[in-house]
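Subject: Structure handover

Hello,

Here is the structure for you to look over. My notes follow below it.

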Amino acid sequence: MSPRYGLRTFGLELVMIAAAVAFLFPVYALITMSLKDPRQIAESPLGLPTSPKTDNYANAWTRAEIGPALMNSTVITVVSLIGLIAIGSLAAYYLSRQATRLGYGMYMLFLLGIVLPFQLGMIPLFKLVDAAGLLGGYPGIILFYTGVQLPFTIFLYTGFVRALPADYANAALIDGAGHFRAFTQVVFPLLRPITGTVLILNAVFIWNDLLTPLLYLAGSTRETVPVRIFAFVGQYVSDNGLVFAGLVLASLPILAVFLVLQKYVIKGFASGLKG
């Protein structure tokens with residue numbers, strides 16, 4: 001072995017290969033079983049399909065009503081993300097530029113929202129949404145996600161904004177721009193890396209969440225993908241091929257978003273930590 005390639009490097013490579021296999025194995029099992037009928041799954045659960053049943057995907061799409069559920073999940077996720085980015089970035093800009101006790105106290109209050117589990121307020125919030133007549137519709141669950149994820153969003157944005165030189169915004173203020181214009185035209189374009197991080201982390205949470213839509217939307221026409229898959233699994237528990245095909249279809253949109261924006265996750269975190 002060359003001096004630069006020793007046993008330590010070899011051992012690290014083995015660990016990385018083992019980690020990759022551990023992460024990829026569930027994906028392999030999910031895809032292969034989605035292409036089998038119940039007989040093939042019973043005979044060889046982890047083997048390659050002898051005669052792939054691609055019609056599992058068409059049947060799962062129709063029977064699980066994944067099309068409308070995808071639309072509902074997309075609307076809820078996109079609108080919630082718009083609210084989180086708009087409110088979270090503005091709040092972080094104010095908190096990072098106000099070196100006062102009020103600003104520090106508000107920031108600590110938002111951090112408290114990260115520490116406390118949102119499940120503590122599930123019952124009171126459910127009763128509040130029910131009393132407001134927002135159950136079974138978009139507004140109630142969008143407001144819920146925006147409120148629950150706002151502390152985490154502000155935390156991410158604040159760390160990044162503090163790392164930015166204040167000279168950019170100050171130059172705009174000297175030229176006669178107001179704080180809002182300085183933020184929207186000067187500061188916010190510089191927040192692209194952390195905005196990508198906010199997008200992907202919040203999108204994964206909102207898209208994959210089952211508990212909240214199950215409470216707020218079950219039985220309505222606004223059911224999201226996890227709720228429909230949950231009902232589908234219970235209905236077709238004996239046909240695992242259909243179930244796994246439905247799981248693959250449900251995971252594809254958010255997987256595509258993650259692959260597109262994954263570089264911003266590390267970049268956003270690294271920039272914020274450096275500041």
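First, a term for the accessibility values: buried means under 20% relative accessible area, exposed over 50%, and partly exposed in between (1.4 Å probe, protein chains only). Leu-111 has 22% relative accessibility, so it counts as partly exposed.

Two notes on the source. This is a predicted model, where local features need pLDDT of at least 70 and side-chain atom pairs count only at pLDDT 80 or more, while totals for chains, interfaces and linings use all residues. Residues are numbered from 1 along each chain as its sequence is written, and side-chain values use heavy atoms, with hydrogens and water left out.

Leu-111 sits in helix 5 (residues 101–115). Helices here are DSSP runs (H or I, at least four residues), and strands are too (E, at least two), numbered from the N terminus. Leu-111 and Pro-151 are 40 residues apart along the chain, and their C-alpha atoms are separated by 6.2 Å.

Ala-58 belongs to helix 3 (residues 55–63). Its relative accessibility is 45%, so Ala-58 is partly exposed. Between Ala-58 and Leu-249 there are 9.9 Å, C-alpha to C-alpha, with the two 191 residues apart in sequence.

Aromatic pairs

How many aromatic pairs does a search of the whole structure find? It finds seven. Rings of Phe, Tyr and Trp (its six-membered ring) pair if their centres lie within 6.5 Å; planes under 30 degrees apart are stacked, over 60 edge-to-face, and the rest tilted.

One of the pairs is Tyr-93 with Phe-183: the centres are 5.2 Å apart and the planes are at 45°, so this pair is tilted. It links distant parts of the chain, with Tyr-93 in helix 4 (residues 66–97) and Phe-183 in helix 9 (residues 179–187), 90 residues apart. Tyr-93 is buried at 8% relative accessibility. Phe-183 is buried too, at 4%.

Phe-126 and Tyr-216 make an edge-to-face pair, 6.0 Å centre to centre and 90° between the planes. Phe-126 is in helix 6 (residues 122–131) and Tyr-216 in helix 11 (residues 211–216), so the pair ties together parts 90 residues apart in sequence. Phe-126 is partly exposed at 28%, whereas Tyr-216 is buried at 3%.

Helix packing

Axes are lines fitted to C-alpha atoms, for helices over the stretch in contact, and angles run from 0 to 180 degrees between N-to-C directions. Helix 4 and helix 7 (residues 138–163) pack at about 40°, with axes 6 Å apart. They are therefore oblique to each other (under 35 degrees is roughly parallel, over 145 roughly antiparallel, 65 to 115 roughly perpendicular, the rest oblique).

Helix 8 (residues 167–174) and helix 9 pack at about 130°, with axes 9 Å apart. Helix 8 and helix 9 are therefore oblique as well.

Annotated spans

The unreviewed UniProt entry annotates "transmembrane region" at several spans, including residues 107–126 and 182–207. UniProt positions are in the numbering used here, feature names are shortened, and annotations may be inferred rather than shown by experiment. In the model, residues 107–126 are 70% helix and 0% strand, with end C-alpha atoms 26 Å apart. Residues 182–207 are 85% helix and 0% strand, with end C-alpha atoms 33 Å apart.

Best wishes
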